[in-house]
Amino acid sequence: MYTFSSKLKTFSFVLMIVGVLGIGYGFLTAPKTIQDVETILASDSHGHSNAHDTAATHDAHGEKAGHDAKAASAEHNEHLEHVLHQLQNKPWAALYVACLFFMLIALGALAFYAIQQVAQAGWSPVLFRVMQGVTAYLLPGSIIFFVLLLLSGFHINHLFIWMDEEVRATDELIQGKAGYLNFPFWIIRAAVFIFGWNLYRHLSRKNCLAQDEATDNSFYKKNFKMSAAFLVFFIVSESIMAWDWIMSVDPHWFSTLFGWYVFASFFVSGITTISMVTLYLKSKGYLENVNSSHIHDLSKFMFGISVFWTYLWFSQFMLIWYSNIPEEVTYFKTRIEHFNLPFFGAVVLNFIFPFLVLINTDFKRITWIIVMAGVVILFGHYVDFFNMIMPSTVGDQWFIGIPEISSILFFLGLFIFVVFNALTKAPLVPKRNPFIEESKHFHY
């Protein structure tokens, strides 16, 4: 049985406390009025005094100048109000991105676990308890995320512009999607998806533990059938989830590849997390049956799905660039103009670095190289989700500051606590899995 060390537990608590303080600071320091925005913009040397200067210049030109001054002033105030909403969204968006990212890591690990069950893979059963430990975060993570969705629906923030009645009243594109993008239907879909994922996780874990004490393979067979059904539910719900929770922050834009693209991002993140937790447990003397061949296979998935993510990234970008449809290219235009470093940096972090490091067969078995690649991949896919959410919620008012870092620290601390606490609840090696002996002696 694994023992949750006091040092690791303390570390997770410290991360959560620091995270909560930073998140609170982000909300407290967010601007409350237009005057606050003017002060911030002035201090950042981004003042918008041109409108006032233009009005002053035209004062001598009679009535026309008066109208021009009023129009310029109204435009200026409208801009300031828009920036106010963006800056008020910033701590919410930072919290949303980190919460979504860590929840989807657990979901990616759950999908990987279900695939192993359906494939009746012989190499992976010694890793099942690690996978189940990582997926344990799905329940608390999804509950917190569902609360964030409810807060958006109750207009506590402005993350989803299609929920704003004033915007909806004047936007024909959003009106055309009202049958699908409306809060009651949207939140019901979210509840169904989250419930379905957690139900499968609970029942499959229960059956896996029951199989340890069984005299036949009945619980294993139940898990096989349940996993097959879950994967059908997952592939449908995952695509809709990507549309609802990520793509709809910019309801004017859509991509038919988006569900697959999001899947590739969190799927490789889930596999990477499984690998890193496995290596940590090995370093502490646990998982004696896990050998370099198991680690090599996990590293192959890290490498392969990173390439798959890149294929989808390029396909989505190339097809939209080539078609040059205004409603579609605006997605990439915004990111290239205002998010140039994180947008192209994500390609370096998620493809170029892992490709160069993990393409070598020997490197796929070396712990420090895998951990280094894993850290870069996880950070890179956080940046990927950052690129998906931030441009539509905060515009060009972005930077990675205290709210973003604190949100990462809080959910990282919670993730570590939940995962490693779950690992203490059962033996790390399944006893009566039909393929457990093959997995123990897996070597090539």
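This is a predicted model: local features need pLDDT of at least 70, side-chain atom pairs count only at pLDDT 80 or more; totals for chains, interfaces and linings use all residues.
**View 1. Helix 13 meets helix 14.** Here we zoom in on helix 13 (residues 326–338) and helix 14 (residues 340–358), whose axes come within 5 Å. They cross at roughly 105 degrees, and the two helices are therefore roughly perpendicular to each other. On the helix 13 side, look for Phe332, Arg335, Ile336 and His338. Their partners in helix 14 are Asn340, Phe343 and Phe344. Sorted by class, the residues of this contact come out as 4 nonpolar, 2 polar and 1 charged.

**View 2. Helix 12 passes helix 14.** Helix 14 also meets helix 12 (residues 292–323), with axes that come within 9 Å and cross at roughly 145 degrees. The crossing is left-handed. Helix 12 brings Ser299, Met302, Phe303, Ser306, Val307, Trp309, Thr310, Trp313 and Phe317 to the contact. From helix 14 come Phe343, Phe344, Ala346, Val347, Asn350, Phe351, Pro354, Phe355 and Leu358. What kind of residues make up this contact of helix 12 with helix 14? There are 14 nonpolar and 4 polar residues, and no charged ones.

**View 3. The largest cavity.** The whole structure holds 4 cavities of 30 Å³ or more, and the largest has a volume of about 90 Å³. Helix 12, helix 13, helix 14 and helix 15 (367–393) are the elements that give two or more residues to the lining. By class, the lining of the largest cavity has 7 nonpolar, 2 polar and 2 charged residues.

**View 4. The second largest cavity.** This one holds about 60 Å³ of space. Around it sit Gln117, Cys208, Gln211, Asp212, Tyr220, Asn223, Pro430, Arg432 and Asn433. Helix 9 (183–213) and helix 10 (218–245) each supply at least two of the lining residues. Which helix gives the most to the lining of the second largest cavity? That would be helix 9, with 3 residues. The lining divides into 3 nonpolar, 4 polar and 2 charged residues.

**View 5. The largest pocket.** Now for the pockets: the largest has about 960 Å³ of space. Its lining takes in 36 residues, and those nearest the centre are His82, His158, Ile161, Val167 and Ser392. Elements giving two or more residues to the lining are helix 4 (62–119), helix 7 (165–170), helix 13 and helix 15. Helix 4 has the largest share, 7 residues.

View 6. Two or more lining residues come from each of helix 1 (6–28), helix 4, helix 11 (258–283), helix 15 and helix 16 (402–422). Helix 16 provides the largest share, 5 residues. As for residue classes, the lining of the second largest pocket has 17 nonpolar residues, 1 polar and no charged.

Definitions and conventions: Residues are numbered from 1 along each chain as its sequence is written. Side-chain values use heavy atoms; hydrogens and water are left out. Axes are lines fitted to C-alpha atoms, for helices over the stretch in contact, and angles run from 0 to 180 degrees between N-to-C directions. Helices (H or I, at least four residues) and strands (E, at least two) are DSSP runs, numbered from the N terminus. Angles under 35 degrees count as roughly parallel, over 145 as roughly antiparallel, 65 to 115 as roughly perpendicular and the rest as oblique. Contact means heavy atoms within 4.5 Å. Ala, Val, Leu, Ile, Met, Phe, Trp, Tyr, Cys and Pro count as nonpolar, Asp, Glu, Lys and Arg as charged, and the others, Gly among them, as polar. A crossing is left-handed if the near helix is turned anticlockwise from the far one by less than a right angle, and right-handed if clockwise. On a 1 Å grid over the protein atoms alone, a cavity is a set of points where a 1.4 Å probe fits but cannot get out, and a pocket is an open set with protein on both sides within 12 Å along at least five of seven lines; lining residues have an atom within 4 Å of a point. Grid points are joined across faces, edges and corners, and a volume is the space filled by probe spheres set on the points.
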